[in-house]
Amino acid sequence: AQARASARVAASRVRLCAPSDDDMIVGKHVDVDELANERLVRIVQLDTTDEETNELAWRCLGYMPRGDGSWDSSTAFAKWRDKFPQPPDLIGITRDYSRAVDEPVMRANQALHRSIPMAYKQQIKEQFRPLGWTGFKLEGLTPNMTRRAQVTNWLLYYREALHGRKLSELKRRQEESRKQEEEDGVKVPGTGTTKQSVM
């Protein structure tokens, strides 16, 4: 029952592509080995570039790189694509935290983070502790480091709940979750329900 509930909650985050794409497999262009803990922990250990981190998240969101360096959004999660027709910087590659430069980065990262169901919010600690990562220390913490952790947490959620699943299955589960939220009288918190889905 708990596994079904977790799967239902996970699917509640998803509003994907056009109805004709129901047979599409989410993440078919992302090798699951790229999402192994040993690779993802490198993001929070600051062993990947901001560009590499952004690009992995973009591909998991469904954006596809073109040969000319631009990105195709036609296969991105629909709700995310509507909000971000081109893949947004989720990390802050400029490291310029002035409001004018940083606000779009902050908003995109927040949208991604809000889409993670509550059941998946603390995965990063659970998954990476056996690899020796115990988290960031408050002293010296930067927005870039925090955003890397949030993107990594979303990538863990994506790997566990979305990758390799049929779009039709995720849509069905999303509808079940929405109905259950209505029946339960769930008030919309800042995160965790189908209404916060960014995909």
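Modeller: In this predicted model, buried residues account for 45% of the 199 residues in the protein. The accessible surface amounts to about 10,300 Å², with 51% of it belonging to carbon and sulfur atoms. The protein contains 8 helices and 2 strands, and its elements follow the order α-α-α-β-β-α-α-α-α-α from the N terminus. Of the contacts between residues at least 6 apart in sequence, 76% link residues at least 24 apart.

The part examined here is helix 7 (residues 143-162), which packs against helix 3 and against helix 5.

The axes of helix 3 (residues 50-61) and helix 7 come within 11 Å and cross at roughly 30°. Because angles under 35 degrees count as roughly parallel, helix 3 is roughly parallel to helix 7. Helix 3 passes helix 7 in a left-handed crossing. On the side of helix 3, Asp50, Thr53, Leu56, Ala57, Cys60 and Leu61 take part, and they meet Asn144, Arg148, Val151, Trp154, Leu155 and Tyr158 of helix 7. By class, this contact comprises 8 nonpolar, 2 polar and 2 charged residues.

Helix 5 (residues 99-114) packs on helix 7 at an angle of about 30°, the axes being 9 Å apart. Its passage across helix 7 is a left-handed crossing. Helix 5 contributes Asp102, Val105, Met106, Asn109, Leu112 and His113, while helix 7 contributes Arg147, Gln150, Val151 and Trp154. The residues of this contact divide into 5 nonpolar, 3 polar and 2 charged.

Key
Residues are numbered from 1 along each chain as its sequence is written. This is a predicted model: local features need pLDDT of at least 70, side-chain atom pairs count only at pLDDT 80 or more; totals for chains, interfaces and linings use all residues. Side-chain values use heavy atoms; hydrogens and water are left out. Axes are lines fitted to C-alpha atoms, for helices over the stretch in contact, and angles run from 0 to 180 degrees between N-to-C directions. Helices (H or I, at least four residues) and strands (E, at least two) are DSSP runs, numbered from the N terminus. Angles under 35 degrees count as roughly parallel, over 145 as roughly antiparallel, 65 to 115 as roughly perpendicular and the rest as oblique. A crossing is left-handed if the near helix is turned anticlockwise from the far one by less than a right angle, and right-handed if clockwise. Contact means heavy atoms within 4.5 Å. Ala, Val, Leu, Ile, Met, Phe, Trp, Tyr, Cys and Pro count as nonpolar, Asp, Glu, Lys and Arg as charged, and the others, Gly among them, as polar. Buried means under 20% relative accessible area, exposed over 50%, partly exposed in between (1.4 Å probe, protein chains only). Accessible areas come from the Shrake-Rupley method with a 1.4 Å probe; for residues, only the protein chains shown count as cover.
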